Amino acid sequence: MGDILPDPELPVPQYEFFADCPFADSDPGVGYVVGATVFACRSQRLKGYDFDTLVIDEASQMTLMHAVLGMLSSDRYVIIGDPEQLPPVLQSVPSAEAKAYSIFQSLNRSADLVRLNTTYRMNQTLTEWSSDQFYHGLLQSHASAAQRCISAVMSEEEPQWIRQALAPEAALVWIEHTTALCRHVCMEEVDLAHQLIAALLRSGFPAEQIAVLTPFRKQARAIRRRLRVATDLGQGFAEQIVIDTVERMQGQERELVLLSCAANEPSFVRAVAGFLFLPARLNVSITRARSKAIVLAGKALLPRDLDDTDLTEMLLPWQALRSASLLLEV
């Protein structure tokens, strides 16, 4: 409802607002679908309508209290979610514990659960890493997506590390730098992201198929500012690239995803480890990509010789990702 343009590929009437459609003041006896937030379900925007079925998507991020707002409008529910993706954002609960507060977790009953094990988004390499780390090896890439790769032909004039990083055959790339003592912002990674994006655009790669993700809003702002003033990207391209935190990107996808970790100052990394290394955050970041995921990280990002058992376990998917990736040192 609102801010959604009609889809020309859907052969049915579409309305931006419920009040504009012929169903708003009558019962036409035909089926229709309304897209809305759970808050809108009990507001004047939907006139207190009741529906045959309520479908809640991205349910792993929705708390039970919020879900109930929508559930009041129906007696039948389809809850769709992934418990291995990001939990609700709660100010009073650590990220690692927030999962228990989601509607998906609250209603997770094995007898009522249908597991989907095929992705139509990711290629085989991306799928295998995510499957091994989070889905007990059960997730598979559909044949239509398994061989997917980016179509970017790099000029011989591009630096070697860029040509290696953007080679179509390398679906997972880990670019490691030696800049240290960064917290919420790492300008080295701002520079690296800028160089990679400029090379992609020079090759003709579509800007709208690039996403730059980061755990920190300050890093997202720094990258956004750099690209807006850059003179080597072409006018208007920077606005077409998604540059945001991981939480904002859940539920979306792009051909190529850059993950800028930013933090690498050891004491800071340990202080925010529960947030920074949350396995679900890494899973969401990498699985937004259809063809290629590139991680930008300082050499000191992953702590070594840890005494904290919980943190050691959280680092396992990160270490596995680094091992599975093409490692480039810059």
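Between which strand and which helix does the loop containing alanine 262 lie? In this predicted model, where residues are numbered from 1 along each chain as its sequence is written, local features require pLDDT of at least 70, side-chain atom pairs count only at pLDDT 80 or more, and totals for chains, interfaces and linings use all residues. Side-chain values use heavy atoms, with hydrogens and water left out.

Alanine 262 is located in the loop between strand S8 (254-260) and helix H9 (266-271); helices (H or I, at least four residues) and strands (E, at least two) are DSSP runs numbered from the N terminus. Its phi is near 70°, a positive value in a residue other than glycine. Alanine 262 has a relative accessibility of 0% and counts as buried (under 20% relative accessible area, with exposed over 50% and partly exposed in between; 1.4 Å probe, protein chains only). A positive phi, near 65°, is also found at leucine 181, in the loop between strand S5 (172-177) and H6. Leucine 181 is exposed, at 65% relative accessible area.

Helix H6 (residues 187-202) and helix H7 (residues 217-229) have axes that come within 10 Å and cross at roughly 45°, the axes being lines fitted to C-alpha atoms over the stretch in contact, with angles from 0 to 180 degrees between N-to-C directions. The two helices are therefore oblique to each other, as angles under 35 degrees count as roughly parallel, over 145 as roughly antiparallel, 65 to 115 as roughly perpendicular and the rest as oblique. The contact (heavy atoms within 4.5 Å) involves Met187, Glu189, Val190, Asp191, His194 and Ile197 of H6 and Gln219, Ala222, Ile223, Arg226 and Leu227 of H7.
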